[in-house]
Amino acid sequence: MPDGLDALPLGERPRGRTLLTADWLLAHHDGGHVFHKRGELVIEGRDILYAGSRFPGEVDRRIDFGVALVSPGLIDLDALSDLDTYSLVLDNQPGWQRGRIWPDTYAARGPYEMYSPEELAFQKKFSFATLLLNGITTALPIASLYYREWAETVAEFDAAADAAAQLGLRVFLGPAYRSGGTVVDDVGQFHMRFDEARGFAGLAGAADFIRRRAGDAGGLINGLLAPDRVETNTAALMRATMDLAGELDVPVRLHMAQGKLETDTMARLHGRTAAEWLVGLGAFNRRLIAPHGTHATETDLDLYATHGVTLAHSPLVSARMGSVLKSFASIRARGVNIGMATDTAPPDMWMNMLSGLIACRIAEGRPDAAFSAQFFEAATLGGARALNRPDLGRLQAGAKADIAVFRLDDPHMVPTVDPITTLVLGGNGKVTEAVFVDGRLSMRRGQVTGMDMAAARAQAQAQFEGLVAKYPDRSWKHPPVDQLFRPAFPIL
């Protein structure tokens, strides 16, 4: 057991100077990550005081994690903050027939909120806790709008900000909004329905939230504008969003180039790809974080590079639906900034790094197309660049004390050559030993401040089953649940 970790109060920032050591330390030097064997990391207050071989000064406590890696905390640019309903259509296709697109019959009689405000608030807190369990210290939450009346609300994001402050997670928050959405008619044809006034009301609510809450909890709460998916927004709303982002100095996350339905819709509505349309609006710039990019054209990717747009890469979600980046290596070589995202539950960034590495090597047809280190850089430094936060994603003096400790002696782990390669190829989020955010001990061996995770998991299951029971309302031709979602094998 690591010496001294149990003496630290969970959920609190230790007084004075705390020295962390382990068999491996991943520090930052001359612009990149570097290993120190038996290195030492010293934190004081919210910041890192020292990261290197030997600290020359006095400390108040020492914590030795033994056979482990002391690492920068991971940055998740598209972190699921509800229950992962996409898992329902993993083996039940096509997804659009099973609640992923509203039938016009449901839209006509009036969409409704399928979760209560209390349930939505719980889901944010539960999801934030699972991020910490997986070594993620900075997150940009994302949730589905399919089960919403229209979009997210300011009230639930006030609850989300409160949850992040209580748990000790660094977040970039803002309620998602949109001008329209896709519906499917009785013969299976897709159509867009717009209500621009609702989109602008959502933008106004998001602006109010950011002005009130950004900077709370000593800077853990940060603003984000989230205009959902590119095809669901009008030109006027996108221009207004980017103007407001400049005024508030916040990033904008916009899902784009992620599927055939989107690319077909953009071609029909605008005669251009998403990237080309946004460039024409003057809404394509360094503030933009764009998941997922799997359907971006060569021209689109050149525009990403030229305009400084970050691509948020969630390879596991994409691959399980049959699409990959073409490719991580070639896009990176163009000069596009790539950050990592999970966009699913569990939010296992190591699993995503491995999925991305495999997908890239298959796409390029060669084993040297990409390496574990490049995906880890995307999960740390790439995310920090996207957020314009050089004090995140690295362990060096003056950076924020956002730290994750990953065990290397777990019985399921292979022997270590170097810890990053070992964790990417054979690790997972379950080997996360401890997490510090802003100098505060936010997670220790599966414990999160103020959360009974076993009870929370049971509550999440009950909420999920309640939502599934409502799926016929918003599914095409409204079949019963047992026809929508069939088990992998018959249940006797």
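R170 counts as buried, because its relative accessibility is 1%, where buried means under 20% relative accessible area, exposed means over 50%, and partly exposed lies in between, using a 1.4 Å probe and protein chains only. Before I go on, this is a predicted model, in which local features need pLDDT of at least 70 and side-chain atom pairs count only at pLDDT 80 or more, while totals for chains, interfaces and linings use all residues. Residues are numbered from 1 along each chain as its sequence is written, and side-chain values use heavy atoms, with hydrogens and water left out.

So what does R170 pair with in a salt bridge? The partner is D402, with the closest N and O atoms 2.8 Å apart, and by a salt bridge I mean a side-chain nitrogen of Lys or Arg within 4 Å of a carboxyl oxygen of Asp or Glu. D402 sits in the loop between α13 and β19, whereas R170 belongs to strand β11, 232 residues apart in the chain; helices (H or I, at least four residues) and strands (E, at least two) are DSSP runs, numbered from the N terminus. D402 is also buried, because its relative accessibility is 5%.

A second pair, R320 and D84, has its closest N and O atoms 3.5 Å apart. R320 lies in helix α10 and D84 in the loop between β8 and β9, 236 residues apart. Here R320 is partly exposed, with a relative accessible area of 27%, but D84 is buried at 12%.

Let me turn to strand β8 itself, residues 74-80, where 7 of 7 residues are buried. Strand β8 pairs with β10 in the parallel sense over 5 bridges, pairing being called when DSSP finds at least two bridges between two strands, and D76 stands opposite A139 in β10.

The side chain of D76 also makes a polar contact of 2.5 Å with that of T342; a polar contact is a pair of N or O atoms within 3.5 Å, where within protein one must be able to donate a hydrogen and the other to accept it, and residues adjacent in sequence count only if both atoms are side-chain atoms. T342 lies in the loop between β18 and α12, and T342 is buried at 0% relative accessibility.

Finally, β18 belongs to an open sheet of 4 strands with parallel pairing, in the order β15-β16-β17-β18. Both β15 and β18 stand at the edges, each with a single partner strand, so one side of each has no neighbour in the sheet.
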